Amino acid sequence: DFLGSVVPDASYGNMQVGIRVQNGKIIDAWAAQYPNSDPTSNRINAGAIPKLHTETIGTTTSQIATVAGATLSSTAWIQSLQAAMTAAGL
């Protein structure tokens, strides 16, 4: 398991992505930290994180699709994902 860097998601909170790698591919991903300090952040990330998770599984690059309506969270996820992938040697 590898954790990416903690990335500030504007003024809403921090995003940190964790990944599990097997045979050079990402087989699992999760938000170790995510903005959830207010109802709006909770609502946005409740929808965005599962989509970002799905985009991440099986990828070999951090260039995944962003989630409409969750640009800041998507950008922070991607930045942290890249750091996790670097730590994993991907």
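Which residue in strand 4 is the bridge partner of Gln16? The partner of Gln16 is Gln33. This is a predicted model, and its protein chain holds 2 helices and 4 strands. Starting at the N terminus, the order of elements is β-β-β-β-α-α.

**Strand pairing**

- Strand 3 (residues 13-22) runs antiparallel to strand 1 (residues 2-3), and 2 bridges join them.
- Within that topic, Leu3 has Gly18 of strand 3 as its bridge partner.
- Strand 3 also pairs with strand 4 (residues 25-33), in the antiparallel sense and over 7 bridges.
- The hairpin of strand 3 and strand 4 has 2 residues between the strands, and Asn23 in this hairpin takes a positive phi near 55°.
- In a regular strand, side chains alternate between the two faces of the sheet.

**Overall dimensions**

- The protein chain has a radius of gyration of 12 Å, which agrees with the value near 12 Å for a compact globule, because that is what 90 residues would give.
- Along the principal axes, the C-alpha atoms fill a box of roughly 40 × 20 × 15 Å.

**Burial and contacts**

- Of the 90 residues in the protein chain, 37% count as buried.
- Taking contacts between residues at least 6 apart in sequence, 49% join residues at least 24 apart.

**Surface and charge**

- The accessible surface of the protein chain is about 4,700 Å², and carbon and sulfur atoms account for 51% of that surface.
- The protein chain has 4 positive and 5 negative charges, and the mean positions of the two groups lie 7 Å apart.

Methods:
Residues are numbered from 1 along each chain as its sequence is written. This is a predicted model: local features need pLDDT of at least 70, side-chain atom pairs count only at pLDDT 80 or more; totals for chains, interfaces and linings use all residues. Side-chain values use heavy atoms; hydrogens and water are left out. Two strands pair if DSSP finds at least two bridges between them. The radius of gyration is taken over C-alpha atoms; the globule rule is 2.2 Å times the number of residues to the power 0.38. Buried means under 20% relative accessible area, exposed over 50%, partly exposed in between (1.4 Å probe, protein chains only). Contact means heavy atoms within 4.5 Å. Accessible areas come from the Shrake-Rupley method with a 1.4 Å probe; for residues, only the protein chains shown count as cover. Lys and Arg count as positive and Asp and Glu as negative; His and the chain ends are not counted. The place of a charge is taken as NZ of Lys, CZ of Arg, CG of Asp or CD of Glu.
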